[in-house]
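This briefing covers two chains, the contact between them, and a few local features.

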Amino acid sequence: MVKFSFVVKDEMGLHARPAGQLVKEAGKCTSKVTIKKGEKSGDAKRIFNVMGLSVKHGDEVEIMVEGEKEEEEAAALEAFVAENI
Amino acid sequence: MKTYVGKPVYHGIAIGQIRILKKEKQNVHRSHIDDVEQELARMENAVEEAKEQLKGLYDKALLEVGESGAAIFEVHQMMLEDQDYQESIQNMIKTQQINAEYAVAVTADNFANMFAMMDDDYMKERAADVRDISERLISILTSAQSEEVNADEPTIVVADDLSPSETVQMDKSKVNSFVTRYGSANSHTAILARTMNVPAIIGLEYDEEIDGKRAIVDGFKGELIVEPDEAVLAEYEEKAAQEAAKKQLLLELKGKETVTLGGRQIRLYANIGGISDLQSVMQNDAAGIGLFRSEFLYLEKDHYPTEEEQFQVYRSVAETMAGKKVIIRTLDIGADKQIDYFNLDKEENPAMGYRAIRICLKQIDIFKTQLRALYRASAYGNIGIMFPMIISLKEVKQIKEIVEEVKAELTEQGASYGEVELGIMIETPAAVMVSEDLAKEVDFFSIGTNDLTQYTLAIDRQNAKLDDIYDSHHPAVLKMIQMTIENGHKGGAWVGICGELGADLTLTDTFVEMGIDELSVSPSCVLPIRKKIREHS
């Protein structure tokens, strides 16, 4: 498993649009992608899971990628997150 | 004439005919089904149909309101495809042998409740998105038709609430305002109104009988005036015309350079007092921020704001401005802006007392915290820092020493920072008199005309009795400004004005002739000044 964390820069937190972008990007992965905030976690490929974490501006979020292509997919996700969220 | 009051969420004036959008109440009945497979297939077809509709709406919204407004329909598609949502519906059909409509309605309630219970206003609003996609599915399943707005004359759309699908389906060339009974500042109504640049009011309790009547929407006061009498109507027609002229100005001058007919560029920046002003900075197309008053960070708290709290705000402004100049003024309290936890003594003459840079140079910890936050934020954009209430070269040298200490500490700690322009406010006659020496030490001057006028004329600007002799066009004040510009240039500093005088259209030509490099004014003044400068020969 590969994991990385990031701090949400968007003023509004992980609201509908960035949550949707993340879900879309996670959906491209063959690996299982989990998003975790504090004690709560969810499937990053499911938008209700992601929005259900109620991630706000300044929150630290962890992404865990587990699967055969975890290395490259985690790297792609990390780059995407740094650019967009 | 009858006036209803709500909460304005977007400014403007609109006059038109009221059209109440009534939601076809979708009464969903629970019924037993025998063929589970057939019901699941019916459900699957409805989802496919809904996705097709959403793709259509996305394309329509993309053309009408742009990508950010259209994105919600992409999110709706994802919500429809969400496995938890789908599984919930399918399980209910399978285990309880109930009709798809009912399974969707129950699932919608469950998911909407999850959002409604969140402690975040924005997320609470998303319950409306769940209902929107679910209503779409139910409409498809029951082949119901939704109501559309296709009017011939300017229309004020009134509804309990508006879903994104309803708003995008409207013929927007006719809709000139929105009024809803529910909703919040984050609701789609508010977002759409901002994108369409039309006034909107929420939280307005109305009567059904207003449907079809002529009315005025006052998006400044949050009023819906139904069947206005002639005097009121005339007054608002005038206001609407002024608003239209402003919008026209915006259309003509947005994206244009602030340059005189002779080809001289003037930097036209905006003054802001907090993050919430950024939106109007963008709307009015300022080239940067010439004065960001950092006081609000201190005023809104009951403790000294931490480095991290300040850093987040500065960084977010720097990032939002995306490389455009952001000049942040360090703490300027004392005098008329008191803060409890600073425990400042009451003074006989606070305007000339312990304030601004004088506090920072005595309580260096407070100053350093702010400087560290500012320098860290400078890695994320184009930040400038300016210091208020300067009277001497000694102060400037002391400030620069502290700045060097802060930079050295950050470097040692491995924190990154960018290039930062340092400037000072010129707002005391003393600073004007020694401006030639000061200019050699800093990158820029910003003239604070309000204080400069009060100190030059020795008139307390808080004293209403003296208003008639408080003359900001006094030749002494204008000579001070002229001298500052000349000395600034001699010493290699660029010179701007960030006080109220900078927005005085009767002086714009004078300032340009004096050789001013920058003007920083309140966001709403940016475009009128740009127009004035573009006409300067």
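Along its sequence, chain A runs β-α-β-β-α-β-α, a total of three helices and four strands. The model is predicted. The points below begin with chain A, pass to its interface with chain B, and end inside chain B.

**Chain A overall**

- Chain A has 85 residues, and 52% of them are buried.

**Helix α3 of chain A**

- Helix α3(A) spans residues 70-84, which is 15 residues.
- From first C-alpha to last, α3(A) reaches 21 Å, close to the 21 Å expected at 1.5 Å a residue.
- The buried residues in α3(A) are Glu70(A), Glu73(A), Ala74(A), Leu77(A), Phe80(A) and Val81(A).
- These residues lie on the same side of α3(A), because they cover an arc of only 125 degrees around the axis.
- The other side of α3(A) has Glu71(A), Glu72(A), Ala82(A) and Glu83(A), which are exposed.
- Cover for the buried residues of α3(A) includes strands β1 (2-7), β2 (32-37) and β4 (60-66), along with helix α1 (16-27), of chain A.

**Interface between chains A and B**

- The contact involves 28 residues of chain B and 19 residues of chain A.
- Together the two chains bury about 2100 Å², with 62% of this area on carbon and sulfur atoms.
- Met78(B), Tyr122(B) and Met123(B) account for 24% of the area that chain B buries against chain A, more than any other three residues.
- Two salt bridges are counted between chain B and chain A.
- Asp84(B) and Arg46(A) form a salt bridge through their side chains, with an N to O distance of 2.1 Å.

**Helix α14 of chain B**

- Helix α14(B) covers residues 393-412 and has 20 residues.
- The distance from the first C-alpha of α14(B) to its last is 29 Å, close to the 28 Å expected at 1.5 Å a residue.
- Seven named positions in α14(B) are buried: Glu395(B), Val396(B), Ile399(B), Ile402(B), Val403(B), Val406(B) and Leu410(B).
- Viewed down the axis, the buried residues of α14(B) fall within an arc of 125 degrees, so they line one face of the helix.
- Lys394(B), Glu401(B) and Glu412(B) are exposed, on the face of α14(B) turned away from its buried side.
- The buried residues of α14(B) are covered by elements of chain B including helices α12 (357-362), α13 (364-377) and α16 (435-439) and strands β12 (382-387) and β13 (421-426).
- After α14(B) comes Gly414(B), which has a positive phi near 80 degrees.

**Arg530 of chain B**

- Arg530(B) sits in helix α20 of chain B, residues 526-534.
- The relative accessible area of Arg530(B) is 2%, which is under the 20% limit, so this residue counts as buried.
- Leaving aside residues up to four places away in sequence, Arg530(B) touches Leu253(B), Lys254(B), Gly255(B), Lys256(B), Glu257(B), Thr258(B), Leu268(B) and Asp285(B).

Methods
Residues are numbered from 1 along each chain as its sequence is written. Chains are lettered from A and ligands numbered from 1 in the order in which they are written. This is a predicted model: local features need pLDDT of at least 70, side-chain atom pairs count only at pLDDT 80 or more; totals for chains, interfaces and linings use all residues. Side-chain values use heavy atoms; hydrogens and water are left out. Helices (H or I, at least four residues) and strands (E, at least two) are DSSP runs, numbered from the N terminus. Buried means under 20% relative accessible area, exposed over 50%, partly exposed in between (1.4 Å probe, protein chains only). Contact means heavy atoms within 4.5 Å. The expected span of a helix is 1.5 Å times one less than its number of residues. The arc is that of the directions from the helix axis to the C-beta atoms. Buried area is the accessible area (1.4 Å probe) that two parts lose on being put together, summed over both. A salt bridge is a side-chain nitrogen of Lys or Arg within 4 Å of a carboxyl oxygen of Asp or Glu.
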